[in-house]
Amino acid sequence: MEGHPPRILVVIPAYREGRTIGGLVRSLRERYPHDVLVVNDGSPDGTSAAARKAGAIVLDLPCNLGIGGAVQTGFLYARDHGYDVVVRIDGDGQHEVEDIPKVLEPILGGRADAVIGSRFLGETEYRGSIPRIFGIQHFRWLVNLFTGYRVTDPTSGFFAINRRLVDFYSDHYPSDYPEVDSYILMHRLGARALEVPVRMYDRAEGKSSITAFRAVYYMVKVTLSFLINRIRRFG
Amino acid sequence: MNRVTLFSICASAGFLLYILEMVRRRKLREEYSILWLFGSALILVLSLKQDWLVVLAHAVGIVYPPSFLFLVGILFILLILIHFSIAISKLHQMNKKIAQEMALLRADRGVERTEETLNKR
């Protein structure tokens, strides 16, 4: 990065995370000098107020856009305000705050455009249900077949990206379930993607956005949009 | 002229006039009215010239002309529905961009919205 120390923005999409977001923002502010941006995806439960109180920059979406739309708003903010690197983590305590330097380091060293935290690399305590493991295996295979990236955790929402990807994602990012699709987008851009081992926990509060009933829809939708993105033009 | 012919002429002419009136009052945008106008004009023509229907049906190999009419009708409805799906997708995309832009503008202007006002909407 030229001259100045890189400006880093931590983006947290949040929907109904009022009970956990404050603690998360506080621990980020205590540990790191980075700015923290919480994108409140139209939740009515005090998420914004809690995040603001803890010292985050808060964007309030006037209606619920879905996780991808919320994260993209964070990318737009980073682009408009000249941040060099964006780290994206979940607002529910699923991701380990202490692992942020691990996803940042290869980007700051100029060795990667995107670094994705994987719960399956290295020592792992993560135990998923059988259908979830099956789904992850399906997407691993899909990503590898169509992009050549060798991924272990294709649905990970813990990653860091550099300016180049921030610019690209600001214009092209799926509204919902963006993680698997983003490999196609990175592939299109010829981005260097790297996985590093991180810790992930079961959700502290609330429910995962993927319920049993939605699992099949998720698989079909993501597979379809992945394949369509493969043959889509990006202007 | 038999009763069925008279009925179908009246119905299709009424439909055509209704669409035109909606466009005139700006309740229906011109771009969305094209398919409807085209469809109702087609029905009107086929009501007036029923032998054309027979000729058309036979031309595509359909023996029973009314079933050709059903086929055309169903295809027309499908076309209109696809048209709507495209329009909705476009609106969805625009809506997303507007919402994002609003959130960014608000943050830059330092306008904090309390969640009470969010809930009222």
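Arg26(B) is placed in the loop that runs between α1 (3–24) and α2 (30–48) of chain B, helices (H or I, at least four residues) and strands (E, at least two) being DSSP runs numbered from the N terminus. The phi angle of Arg26(B) is near 60 degrees, a positive value in a residue other than glycine. Most residues other than glycine have a negative phi. Arg26(B) is exposed, with 8 other C-beta atoms within 10 Å; a residue is called buried if 20 or more other C-beta atoms lie within 10 Å of its own, exposed if 12 or fewer, and partly exposed in between, with C-beta atoms placed from the backbone. The model is a predicted one, in which local features need pLDDT of at least 70 and side-chain atom pairs count only at pLDDT 80 or more, whereas totals for chains, interfaces and linings use all residues. Residues are numbered from 1 along each chain as its sequence is written, while chains are lettered from A and ligands numbered from 1 in the order in which they are written.

Chain B contains 5 helices and 0 strands, arranged along the sequence in the pattern α-α-α-α-α. The radius of gyration of chain B, 23 Å, is well over the 14 Å that the globule rule gives for 121 residues, so the chain is more spread out than a compact globule; the radius is taken over C-alpha atoms, and the rule is 2.2 Å times the number of residues to the power 0.38. Along its principal axes, the C-alpha trace of chain B spans about 70 × 30 × 20 Å, and 8% of the 121 residues of this chain count as buried. Among contacts in chain B between residues at least 6 apart in sequence, 48% join residues at least 24 apart, a contact requiring that the C-beta atoms of two residues, placed from the backbone, lie within 7 Å. Leu71(B), which lies in helix α4 of chain B, is partly exposed, with 13 other C-beta atoms within 10 Å. The C-alpha atoms of Leu71(B) and Asn2(B), 69 residues apart along the chain, are separated by 24 Å.

The contact between the chains involves 18 residues from chain A and 12 residues from chain B. On the side of chain B that touches chain A, the elements giving two or more residues are α4 (65–109) and α5 (115–120) of chain B, and the largest share, 8 residues, comes from α4(B). The residues on this side of chain B comprise 6 nonpolar, 2 polar and 4 charged, where Ala, Val, Leu, Ile, Met, Phe, Trp, Tyr, Cys and Pro count as nonpolar, Asp, Glu, Lys and Arg as charged, and the others, Gly among them, as polar.

The largest nonpolar core has 71 residues, and those with the most contacts inside it are Leu37(A), Val38(A), Val86(A), Val87(A), Val103(A) and Ala160(A); such a core is a set of buried Ala, Val, Leu, Ile, Met, Phe, Trp, Tyr and Cys residues joined through C-beta atoms within 7 Å. Helix α3 (residues 67–80) of chain A gives the largest share of this core, 7 residues. When its neighbours within four places in sequence are left aside, Leu37(A) is in contact with residues including Val10(A), Ile12(A), Ile57(A) and Tyr77(A). In α6(A), Leu165(A), Val166(A), Phe168(A) and Tyr169(A) are buried, and the buried residues of α6(A) pack against α3, β4 (85–88), β5 (114–118), β6 (159–162) and α7 of chain A. Tyr177(A), in the loop between α6 (163–171) and α7 (178–189) of chain A, has a positive phi of about 50 degrees although it is not a glycine, and Tyr177(A) is buried, with 21 other C-beta atoms within 10 Å.
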